[in-house]
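Hi everyone, thanks for making time this morning. Let me put the sequence and the structure up on the screen, and then we can walk through a few features together.

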Amino acid sequence: MRHAPNAVMMFAAGFGTRMKHLTQNQPKPMVQVAGRPLIDHALDLATAITPDVIVANLHYLPDVLETHLDGTGVVTLREEPDILETGGGLRNALPILGSDPVFTMNTDAIWAGPNPLELARQAWDADKMDALLVCVPTAKTVGYQGKGDFQIGPDGRLTRGAGYVFGGVQIIKTDMLYDVEDTAFSLNVVWNEMLKSKSVFGLIYPGQWCDVGHPGGILDAEHLIETTNV
């Protein structure tokens, strides 16, 4: 059985185009929610599980994030000249993250409830899982209009479908990243291969979750924080 994961990859390289004017002069993780940048909300969750290393990948307006994260202990990794997407970005960071399974987390969501990384660590079973995704029932989402990304079977295994949204936090084994020929690619490519072997599992998040990928999500997230005292 592999070691329990103890490294965190924070995805912070995206362009944030859905944020419109809010990301003209700053990257999306610096957008303020309840008086703090989104990335600080994510960093609170990451540091709470005391990992050995936290890496943040940067691409769009990287100087702003590098300056903000200076002194936090987060290792920043610029993707130049091109953005590598989630899969390529994670693979690019593996020399720092190591070869054990790793946490990955998006930096554009607010979680109201238990720390999703800690829940994932407690539920992780390396003997049967290649990936464990923290998923939110659509009824527990705030401001989300979609039908979901996955269905969760009685045994916890995931299949593509409606009902549960991937909240952006997971534990994943990284071996299969090296099988992808493209330099830039989504983690969906790796999940699709893992799904074939029924080794992708879902953990149902017991709290609420808000995607802050568009300007309207800011007010939704602030209301969620206000009403749950996150």
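Let's start with the largest pocket, which has a volume of about 910 Å³. Please keep in mind throughout that this is a predicted model. The lining of this pocket takes in 35 residues. If you want to find its centre on the screen, look for R18, K28, T86, N106 and D108, which lie nearest to it.

Which elements give two or more residues to that lining? They are α3 (85-97), β6 (102-106), β12 (164-172), α5 (187-196) and β14 (208-211). Of the elements, β12 gives the most, with five residues. Sorted by class, the lining has 14 nonpolar residues, 13 polar ones and eight charged ones.

Now, on to a helix. Helix α6 covers residues 216-228, so to speak a run of 13 residues. From first C-alpha to last, α6 reaches 19 Å, close to the expected 18 Å at 1.5 Å a residue.

Which residues of α6 are buried? Those are G217, I218, A221, L224 and I225. Looking down the axis of α6, you would see these buried residues fall within an arc of 130°, so they line one face of the helix. Here is the background for that: an α-helix has 3.6 residues a turn, so residues three or four places apart point the same way. On the other side of α6 you'll find L219, H223 and E226, which are exposed. And what covers the buried residues? Among the elements that do so are β2 (32-33), α1 (38-48), β7 (109-112), β9 (141-142) and β14.

Let me finish with a few spots in the loops. K173 sits in the loop between β12 and α5. Is this lysine buried or exposed? With a relative accessibility of 12%, K173 falls under the 20% cut-off and counts as buried.

Next is the peptide bond from E80 to P81, which is cis, with omega near 0°. You can find P81 in the loop between β5 (75-78) and α3.

A34, in the loop between β2 and β3 (36-37), has a phi of about 55°. A34 counts as partly exposed, at 38% relative accessibility. L61, in the loop between β4 (53-58) and α2 (62-69), has a phi near 45°. L61 is partly exposed too, with a relative accessible area of 29%.

Notes
Residues numbered from 1 in each chain as written. Predicted model: local features only at pLDDT ≥ 70, side-chain atom pairs only at ≥ 80, totals over all residues. Heavy atoms only, no water. 1 Å grid on protein atoms, 1.4 Å probe; cavity = no way out; pocket = protein on both sides within 12 Å on 5 of 7 lines; lining within 4 Å. Points joined across faces, edges and corners; volume = space filled by probe spheres on them. Helix = DSSP H or I, 4+ residues; strand = E, 2+ residues; numbered from the N terminus. Nonpolar A, V, L, I, M, F, W, Y, C, P; charged D, E, K, R; others polar. Expected span 1.5 Å × (residues − 1). Buried < 20%, exposed > 50% of the residue type's maximum accessible area, 1.4 Å probe, protein only. Arc of directions from axis to C-beta. Contact = heavy atoms within 4.5 Å.
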